[in-house]
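Hi everyone, thanks for coming. Please have a look at the chain on the screen while I talk you through a few spots.

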Amino acid sequence: MINIIIFSKDRACQLDLLLSSMQRFFREWSEQQVSVLYAASDDAFAAGYERLRALHPHAHYLRETSFQDDLIRLFLDFKRPFTSFLVDDDIFIDHLTLDSVEFHRFASDRRVLALSGRMCPRLDYFYMKDVTVRPPRFGPERTWRWKGLAGDWGYPMSVSGLHIFRTDDLYRPVVETPYTNPNTFEGRALLKHPPRRPLMICYAEAKVFCVAVNKVQTVNQNRHADSYPVERLNTLFLDGRRLSCANHHLIRRRSAHGELEYEWTIPA
């Protein structure tokens, strides 16, 4: 039902955690089309993705050659009624099912632009700018009017956090607007062409958390902890270590983004 496209660069270790947490918490994950568009800066990072492919053979992998052309290919070749994006430092943190009043409301109400997996009513802090924000006034099934709101509450066209969109709404930004990487895709394409739908909807608790512990792009100076260098994570991953999602269930934070202390597991 959903074409899920994941963007990744040099973070196979963190992407392993995302895919493992998706399988643990997203009940219908195997019924979705999951694709990974990835870039590797050198042979060591490329080897990380080869190990990842062996661990998660269910996903479709495409190594980036031309970001926009590659994204258009994944968008059109695996077209489903709905499309969503994730980034490799996202993590699923709570049980998610599409057999829910929230998804059914989104799918049936054309006024609803997207169902957000990362938002929930108690979020009152915008990590990226280090400011408090006031949650909106909600309508039925936790719908809200997003236009003009501060922080993540007024940011519907995100490539992180599992915002689920109608595929037809994304044709213009994906296919017809120029961009060169995930950041310019979000900033120059998605944000410039939001669908004319006034509402968004979320679950009672966030299902996805955006972990801000390192950065691999230079387009935006996104706030992050700089606590887990990607080179070190990749080396440990190639040595057989894996990040664990066992104790990250029901993470309760005030923000959709934030810092997290990773835990490790060594497979038998």
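Predicted model: local features only at pLDDT ≥ 70, side-chain atom pairs only at ≥ 80, totals over all residues.

Residues are numbered from 1 along each chain as its sequence is written, and side-chain values use heavy atoms, with hydrogens and water left out.

Let's start with the helices. Two packed helices are described by the angle between their axes and the distance between the axes. Axes here are lines fitted to C-alpha atoms, for helices over the stretch in contact, with angles from 0 to 180 degrees between N-to-C directions. Helices (H or I, at least four residues) and strands (E, at least two) are DSSP runs, numbered from the N terminus.

Helix α2, residues 43–55, packs against helix α7, residues 230–238, at an angle of about 50°, and their axes are 10 Å apart. That makes α2 oblique to α7; angles under 35 degrees count as roughly parallel, over 145 as roughly antiparallel, 65 to 115 as roughly perpendicular and the rest as oblique. The crossing of α2 past α7 is left-handed, meaning that the near helix is turned anticlockwise from the far one by less than a right angle, with clockwise being right-handed. On the α2 side, the contact (heavy atoms within 4.5 Å) is made by A44, F45, A47, G48, R51, L52 and L55, and α7 brings V230, E231, N234, F237 and L238. By class, the contact of α2 with α7 has 8 nonpolar, 2 polar and 2 charged residues. For those classes, Ala, Val, Leu, Ile, Met, Phe, Trp, Tyr, Cys and Pro count as nonpolar, Asp, Glu, Lys and Arg as charged, and the others, Gly among them, as polar.

Now, what is the angle between α1 and α2? Helix α1, residues 12–25, packs with α2 at about 20°, with the axes 9 Å apart, and that makes α1 roughly parallel to α2. Their crossing is right-handed. Here A12, L15, D16 and L19 of α1 meet G48, Y49, L52 and L55 of α2.

On to the strands. S8 sits in strand β1, residues 2–9, and is buried at a relative accessible area of 6%; buried means under 20%, exposed over 50%, and partly exposed in between, using a 1.4 Å probe and protein chains only. Leaving out residues up to four places away in sequence, S8 touches L15, V36, L37, Y38, A39, Y49 and D88.

Strand β6, residues 112–116, holds V112, and 5 of the 5 residues in β6 are buried. V112 itself has a relative accessible area of 0%. Strand β6 pairs with β11, residues 199–202, in the parallel sense over 4 bridges, and pairing takes at least two DSSP bridges. With β10, residues 163–166, strand β6 pairs in the antiparallel sense over 3 bridges, and there A114 stands opposite F165.

Last, the loops. L162, in the loop between β9 and β10, has phi near 60° but is buried at 3%.
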